[in-house]
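Colleague: I have some questions about the terms used for this fold. Can we take them one at a time?

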Amino acid sequence: MEKSFRSEIELLRLGEGDVFHGEGILAITKALLQSGVAYVGGYQGAPVSHLIDVMVQAEDYLDQLGVHVEACSNEASAAAMLGASIHYPLRGAVTWKSIVGTNVAADALSNLSSPGVTGGALIIVGEDYGEGASVIQERTHAYALKSSMLLLDPRPELAHMVRMVEQGFRLSEASSMPALLELRIRACHVRGSFVCKDNVAPAVSTRHLMEEPAKFDYTKLAHPPVTFRHEKLKGELRIPAARRFIAEQALNEFLPGRHSEVGIIVQGGLYNALVRALQQFGLADAFGESAIPLYVLNVTYPLVPDELVKFCAGKRAVLVVEEGQPEYIEQEIHAILRRLDLQTPVHGKDMLAAAGEYTVELVASGIDKFVGKHLGEGVVAQGRQWLEGNARRRESVAKASGAPLPARPPQFCVGCPERPVFAALKLSQADVGATHIAADIGCHSFATFEPFSFGHSILGYGMSLASRAGVSPMMKRRVLSIMGDGGFWHNGLLTGVQSALFNGDDAVLLIFKNGYTSATGTQELISTPDEEVREAAHDKQQSLVHRNLTIEKTLSGLGVQWMRTVHTYHVDKMRRTLDEAFTTDFAGLKVIIAEGECQLERQRRIRPWIASLLKAGKRVVRVKYGVDDDVCTGDHACIRLSGCPTLTLKDNPDPLRVDPVATVIDGCVGCGLCGENAHAATLCPSFYRAEVIRNPRPHERVLDGLRARIVRWLQPA
Ligand code: SF4
Ligand code: SF4
């Protein structure tokens, strides 16, 4: 019941001469098929989820082409899949979110890069870096350097990105190096068009099978002593071959400009931001023609010394626009030029911010310094005015609002099944005292924000239980680890559960069983209730996750002896279960499975069904919660315990009371948490549960009319 990508799949079918209109990440997906890719795998994550999501849903079409698609359990399994390209002339592509995904995949990537590849291997990484990122700020570049992998960073223009995918496979084959293709958030979502080619059915495929396995070849193993030879091959053969290919195929771009005495070297992915910044100075026109010569690095590793010399020789100075730290490219340019005794001054991080996303404004501030210094202050007047204008506007907004705008962190969806568990945890902590909480990656990490503020550390996806191993032996009270079902299957089962059981650890693990990897786009898991269950469900409104017991059976099989399953919306029961886990005499691993279907998925599942009922004129009941203004005491304990965005405040309608009262606005999905909290925490009795009936039965209409008349009689105007 994931989001449907039917229209996107149609775009994948476009043929020679057709024009593709759409987003960057989908253009890349189409380019894979045009390149004759034989197998595709990956683990979803921003900003590249679309690629694997669309591929998985396009399985029938890909089967016609003979392309295999694998939804991998984590990035390590995706990277290991590329092993198919070591011996065989198979082009393979995998995808994940970097830097975290590349960290998980690192072992397999090293062992792939050492023997090298025969078929082109492309790793499409979403460089989730900068303001909009959801992960730690590190660069994928480091992996390209340490493992000798190619690093492509295409200029974000669809036709160009498609060309770089096609050339990326060829470059990988020419050099035997796997290639990372780095896509920033903006490149993934940039819109545009390109003229398509036909998709290419791979010569060896699921429809044209290999007769025999490859002959045994020790040099294809990442195993000493042959790894010593691999290391020499990297420097002596592979990197020089890659450099030749990059130069011959003109993968990097030289764009001329009238101010030839200076130049800018830019990572391809930053080209659009750079040109927009130059436009503010009148140094680029509306079509992107730059007045300053640009050297656009669509391949940022390896650099090509001859090209660098050609660009830098005779210039007064060059500026390197390179996002993130450390400045690998700038340092390498310095080394290459100085080794060749070329003394052109190189600027970069001395004029641009060391870290963070290179927005247009930030790049413009670097251009201001570089151009001001080397072309004169007169050239920067227009751009400087623009920068100063922005600063003034910010100041005036801050002045007008009296204070900086409050931060608006992301939070749980309305009716999220995970919110009630944190309400229960608040109450439990009042019972047993504060506990150390090892948090994890997933929607549940929203509990690190107000009104919960739970979580002492986040060490990685599925790592919460492992991350408390050094804390719990030092702590009087038991430590709580929180993990989602996505994290459990990604990593937590082995790194956490297996290790805790093996060591006989006294630990409490809370697993959110919501049925999907919700935070990455509600992709399905091995523990997702299958389609048949959903179809056959008697009550479609009900959470269905209890119909799949794979997590429970796996834990039992491993030897977990203390396990409780609690529906997430049963706040009081969850509170008592947590209390028990923290205080029981049982000293081993205690697992609480918090069961409740992801509300986002549930709504996607039931909305079309409800619409069909309404269309057929059938009776539909929608539950809504509300607050009685007259009863609300105005202490807002309910809000502090819930945090639901539809439970909010409004002016007190009673002119004699000044405190605002709680109110439930229209988005309420009737999850029931308001009632549960009021009961579990003994709050004021101001909440009511209402049933909104559409297409009511005749007797319900009569009853409604009667009730309305009685209310009017009791409340005369
Ligand atoms: S996507 Fe699902 S699990 Fe995540 S916050 Fe929304 S309802 Fe909760
Ligand atoms: S019942 Fe309460 S917590 Fe649930 S959606 Fe409505 S307002 Fe939000």
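Modeller: Start with W96. In this predicted model, the bridge partner of W96 in β5 is V125.

Colleague: What makes β4 and β5 a pair of strands?

Modeller: The bridges. Pairing needs at least two bridges between the strands. Strand β4 (residues 92-98) and strand β5 (residues 121-127) are joined by 7 bridges, so they count as a pair. They run parallel.

Colleague: Which sheet has β4 and β5 in its order?

Modeller: An open sheet of 7 strands, in the order β3-β2-β4-β5-β7-β6-β12. Its pairing is mixed.

Colleague: Why are β3 and β12 called edge strands?

Modeller: Because β3 (68-71) and β12 (299-301) each pair on one side only. From one strand to the next, the twist averages 20 degrees. Helix α9 (residues 158-175) packs on this sheet and touches β4, β5, β6 (150-152), β7 (179-184) and β12. The directions of α9 and β6 make an angle of about 170 degrees.

Colleague: Which residues of the largest nonpolar core touch the most other members?

Modeller: L32, L62, W96, L122, I123, I124 and L183, out of 80 residues in that core.

Colleague: What makes a set of residues a nonpolar core?

Modeller: Its members are buried residues of nonpolar types such as Leu and Val, joined through side-chain atoms within 4.5 Å. In soluble globular proteins, nonpolar side chains tend to be buried together.

Colleague: Now L294. What covers the case that β11 has both faces covered?

Modeller: Its side chains. L294 and V296 lie on one side, Y295 and L297 on the other, and all are buried. In a regular strand, side chains alternate between the two faces of the sheet.

Colleague: Where does β11 sit in its sheet?

Modeller: Between β9 and β10, in an open sheet of 5 strands ordered β9-β11-β10-β13-β14. The edge strands there are β9 and β14 (346-347).

Colleague: Why is P293 called buried?

Modeller: Its relative accessible area is 7%. The cut-off is under 20%, so P293 counts as buried. P293 lies in the loop between α12 (271-280) and β11 (294-297). Leaving out residues up to four places away in sequence, P293 touches L255, P256, G257, H259, S260, V262, G263, I264, F311 and K315.

Colleague: Last one. Why is the whole chain called as compact as a globular protein of its length?

Modeller: The chain has 26 helices and 26 strands. Its radius of gyration is 29 Å. The globule rule gives 27 Å for 717 residues, and the two values are close, so the description holds. The C-alpha trace spans about 90 × 70 × 60 Å along its principal axes. Buried residues make up 54% of the chain.

Key. Residues numbered from 1 in each chain as written. Chains lettered and ligands numbered in written order. Heavy atoms only, no water. Buried < 20%, exposed > 50% of the residue type's maximum accessible area, 1.4 Å probe, protein only. Helix = DSSP H or I, 4+ residues; strand = E, 2+ residues; numbered from the N terminus. Contact = heavy atoms within 4.5 Å. Axes fitted to C-alpha atoms, helices over the stretch in contact; angles between N-to-C directions. Rg over C-alpha atoms; globule rule 2.2 N^0.38 Å.
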